[in-house]
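Got your viewer open and a selection tool ready? Let's take a walk through this protein, one stop after another.

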Amino acid sequence: MIPLEHPFGGISFLYPSDWVTDISSDGIILAESQEVLDSSAFSAGAVMLILSGPPDKVGPGGEEAGAEGLLDFVLEGFATAEGQESGEVEPRSFASQEGLGVSLHWSEGGQPLQGYLAAYMDDQVGAIVLAASPEERWDEVWPLFDQMLRSMEFYTPLEAVQQGELELGEVVTATLAPGATDAWSYRSPGDEYVSIDVIAVGEWDPVLEVFNGAGDSMAFDDDSGGEYNPRLSSLYLPVAGTYEFRVSAYSGNGEYQLSLVGVEPPEGGSVNYGEKVQGLLVEGEREVWTFEGSAGDKVTISMVGLEGLTDTYLELYGPDGTLLAFDDDSGGNYSALIGEYELPQSGVYRIVARAYGGETGSYELSLEKEP
């Protein structure tokens, strides 16, 4: 057995030296062979899945739900599995901490499977672990699973690796570790627009998220830069202060380049309640529409693609620049819709219209105030 440390998930444990692993920001997959890992099927062999991190990111209810609530949430989803059957929930010992566990039986493509689901939760970290294999091999692989579980230590997850400070016009190169998040800071004078690009070196899929000085998420992107690279174009930084750009991975990891440039305000304009406007998006770009809103107003915003644009995406930002709501497909036919959102304060709101995955084309946007 050899050690595995995942500081961004808040977990360390031992696993068989001849097993293979896949570590991402979403969790860890361990399998007895590369063939089993690539198959994405429990019926192919012995597999362990681990999701761990801050309590509010692991499952609904966070710390207050506890290990029992976390188990209940996963078991609700398991209830739809073919031939599903679960045992009694019982105490589960890890290396030095106590959680809960339950045995599972179900089928996959007619293949009987057996598994074990374990959960841990405290005020700093939560974890859900699923070990599974074909039923006929369970007695063979369970001792390995049990040994891995008994070696697990949970601790406060590392939020991000501070990589340094950025300047406008700068291009930096770094390497993202497996399952890691890199953080880059930028001191803005406020009331400016910037564009941020992340370009992966090699075949992996990075994502980008921006936070303001209060720690609130302002923007997120996965593929708008093309070839699975994220791009946030014409991002508005409303107030002076330090902003943080976090680079993580949807899948894989490796070297990347990050660039930050100042840009002119995007196309768009102002829109009033009851009005429809039209715009045109070029690849990776966005347009911004502003409106005056009052606290308590309930607004509905829709964005429908016209010629050349099939998949629209909407974001709504508050007067302080905080991302309040976003949507991809709620309007049907890949159209974006933010429905009956109640505005939290009076002021100027910003609607960001963009295309999912960097598409181009024209669109129609409407803003309605609900009765």
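A salt bridge here is a side-chain nitrogen of Lys or Arg within 4 Å of a carboxyl oxygen of Asp or Glu. Keep in mind that this is a predicted model, where local features need pLDDT of at least 70, side-chain atom pairs count only at pLDDT 80 or more, and totals for chains, interfaces and linings use all residues. Residues are numbered from 1 along each chain as its sequence is written, and side-chain values use heavy atoms, with hydrogens and water left out.

**Stop 1: a salt-bridge network**

Select R354 and E315. They form a salt bridge, and the closest N and O atoms are 3.1 Å apart. R354 lies in strand β28 (residues 347–355) and E315 in strand β25, so this pair ties together parts that are 39 residues apart in sequence. Strands, by the way, are DSSP runs of E with at least two residues, numbered from the N terminus.

Are these two buried or exposed? Buried means under 20% relative accessible area, exposed over 50%, and partly exposed in between, using a 1.4 Å probe and protein chains only. R354 is buried at 5%, and E315 is buried at 2%.

Since R286 sits in strand β23 (residues 286–293) and E315 in strand β25 (residues 312–317), the pair ties together parts that are 29 residues apart in sequence. R286 and E315 are both buried.

Finally, pick D221 as well: D221, R286, E315 and R354 are linked in a network of salt bridges. How many salt bridges does the rule give in total? The count is twelve.

**Stop 2: one more salt bridge**

Jump to R246 and E244. Their closest N and O atoms are 2.6 Å apart, and they form a salt bridge. R246 is buried, with a relative accessible area of 15%, and E244 is buried too, at 16%.

**Stop 3: G241**

Next, click on G241, which is found in strand β19 (residues 241–251). G241 is partly exposed, with a relative accessible area of 29%. Which residues does G241 touch, not counting those up to four places away in sequence? Look for Y186, R187 and S188; contact means heavy atoms within 4.5 Å. Then show N212: its C-alpha atom and that of G241 are separated by 8.0 Å, although the two residues are 29 residues apart along the chain.

**Stop 4: a sheet of four strands**

Switch to a cartoon view. Four strands form an open sheet in the order β13-β20-β15-β18, with antiparallel pairing; two strands pair if DSSP finds at least two bridges between them. At the edges are β13 (170–175) and β18 (231–237), each with a single partner strand, so one side of each has no neighbour in the sheet.

Select β15 (residues 192–200) and β20 (residues 255–263): eight bridges join these antiparallel strands. Zoom in on V194, and you'll find G262 in β20 standing opposite.

**Stop 5: a sheet of three strands**

Last stop! Here an open sheet has three strands in the order β1-β2-β11, and the pairing is antiparallel. The edges are β1 (2–6) and β11 (153–154); each has a single partner strand, so one side of each is left without a neighbour in the sheet. Strand β2 (residues 11–15) pairs with β11 in the antiparallel sense over two bridges.
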